[in-house]
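Dear colleague,

I am handing over the structure below, and after it you will find what I found on going through it. Please read the notes with the model open beside them.

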Amino acid sequence: MEKRYYGEYGPFREDVDGLPVFADVVRYFLGAKGWSKKQLGYLYGKATLREPYTERWIQMQLKHNSFSTDPKRRWILAKMLDIPPLLLGIATLDDLLGPQVDTLPVTKSKHLDIEEYRSKLSFYWQDHYKVPSSDFLKEITTRISVLCGTYLYVNALQQKQIIRLLFDYHQIAARTLSNIQRPSSAIAHLNKSYTLAQLMKDDELQALAIFRRGYIFFEKGDRVNALCDFDTSCTFSNRISLPLNCSIELAIGHARAHVAQSEQDMKQALLSIDNAEKVLGRCANEDEHFMQLNEVTYHQDRAEALLGSPLKKLRSPNKALRELDFAAERIDNATPRRSAWNNVLLAKAYLDKEYYPIATSLAHDALGIFQHSAWHIRHISKIYEELKRSSYGNSVEVAELWVDIVNA
């Protein structure tokens, strides 16, 4: 069979659709990675079956061009071996995966257990990581639909209670949507919660909705709108609770550090975080908005700020490591997720120091704790992407991290 080049890649045999024979492509990029067939079998098997394929099995797939045509499995191999999408006849690798469809049920009811809806909120904020995000979101959106459908059928007192519940459920829906990288939908829910807070004429809830919307903008990468929302929430400072004020100060410092262009910018960012630390002792460890403010929060936020600037000369990984040591000393053994998040931040610090094997190991350790937490997995994925671009990027250890991210 005649071979030809596809752009800078090849030569490959051509299949009936005019695309390169997939086994040839796999063989080419396997060689480029410097991996053995045994290593590919181990990683590909763990990513698809959670059990390694044998070296012999890989040899047979290459010989007979019999790799599965399942889109998800093709996507896994392409991501694992860095196969360009043009060799698969698509624009992006994610085109192999189907589109996401949203559904929101509409439910009408004359009966509602207000207390059950309130108590469920505590689970949503504190134990959400125990449930896959997709199942979690379906339940929340169903409850929002029930609340909306019930509103017209109850008395004035119950209507006030439902408005407050709707505010809270839109907040947790926003958080869940942000976790699974759907920021526009998350912002839409927070806009609705802000409207409800205005309807209730509640300064605390208005500031809370704006503050949390700022965090969504921040996670989205929109630092300008994030800082705008954080600054707006500050205008309520004399009329809101101390824990919320403290959280806003931490957020402002965090965001400013991530846009810092000078030493003075970093100094101002750290000052905001240190101002929050001064009042931490007067804040409840678990307040009504589930801010989780304590000394661990302070040291971890300060470490993130020290690693946050887009300019390497303004980042201070050694100082961040000291902050994370302080945090580790204060983490309760009963809170493994706090410890795992410390490992994520340690990985970022060692990544900045170019200690790639240590960063990889720490990220891997943290991933074992964050199995259902899309938000944490996303942060570990960002570490993986940076490792992938580094001189350590072709190592089997980095590939193993990616396999476990896919399986998380």
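The salt bridges come to 20 in this predicted model, where a salt bridge is a side-chain nitrogen of Lys or Arg within 4 Å of a carboxyl oxygen of Asp or Glu. Before going through them, please note that residues are numbered from 1 along each chain as its sequence is written. Because the model is predicted, local features need pLDDT of at least 70 and side-chain atom pairs count only at pLDDT 80 or more, while totals for chains, interfaces and linings use all residues, and side-chain values use heavy atoms, with hydrogens and water left out.

One of the salt bridges joins the side chains of aspartate 82 and lysine 33, with 3.4 Å from N to O. Aspartate 82 lies in the loop between H4 and helix H5 (114-126), and lysine 33 lies in helix H1 (residues 22-33), so the pair ties together parts that are 49 residues apart in sequence; helices (H or I, at least four residues) and strands (E, at least two) are DSSP runs, numbered from the N terminus. Aspartate 82 is partly exposed, with a relative accessible area of 36%, whereas lysine 33 is buried at 8%. Here buried means under 20% relative accessible area, exposed means over 50%, and partly exposed is in between (1.4 Å probe, protein chains only).

An α-helix has 3.6 residues a turn, so residues three or four places apart point the same way. Arginine 118 is partly exposed, with a relative accessible area of 37%.

Arginine 302 and aspartate 274 also form a salt bridge, their closest N and O atoms being 3.0 Å apart. Since arginine 302 lies in helix H13 (residues 295-306) and aspartate 274 in helix H12 (residues 263-277), the pair ties together parts that are 28 residues apart in sequence, and both of these residues are buried. Elsewhere, salt bridges that share partners join Glu116, Lys120, Glu139 and Arg143 into one network.

Turning to the aromatic residues, the structure holds 21 aromatic pairs, for which rings of Phe, Tyr and Trp (its six-membered ring) must have their centres within 6.5 Å, with planes under 30 degrees apart counted as stacked, over 60 as edge-to-face and the rest as tilted. Tyrosine 9 and tyrosine 28 have ring centres 6.4 Å apart and planes at 90 degrees, so the pair is edge-to-face. Tyrosine 9 lies in strand E2 (residues 9-13) and tyrosine 28 in helix H1, so the pair ties together parts that are 19 residues apart in sequence. Tyrosine 9 counts as buried at 18% relative accessibility, while tyrosine 28 counts as partly exposed at 31%. Both belong to one aromatic cluster, formed by Tyr6, Tyr9, Phe12, Tyr28 and Phe29.

Phenylalanine 22 and phenylalanine 67 are also edge-to-face, because their ring centres are 5.9 Å apart and their planes are at 85 degrees. Phenylalanine 22 is buried, with a relative accessible area of 6%, and phenylalanine 67 is buried at 3%. The charged end of arginine 74 sits over the ring of phenylalanine 22, 3.7 Å from its centre.

Last comes the nonpolar core, a set of buried Ala, Val, Leu, Ile, Met, Phe, Trp, Tyr and Cys residues joined through side-chain atoms within 4.5 Å. The largest such core has 124 residues, of which Leu40, Met80, Leu81, Tyr169 and Ile380 touch the most other members, and its largest share, ten residues, comes from helix H7 (residues 156-179). Isoleucine 380 touches residues including Val344, Leu401 and Ile405, not counting those up to four places away in sequence, where contact means heavy atoms within 4.5 Å. Leu401 and Ile405 are among the buried residues of H18, a helix of twelve residues (396-407).

With best wishes

Technical notes
Expected span 1.5 Å × (residues − 1). Lys NZ or Arg CZ within 6 Å of the ring centre and 35° of its normal.
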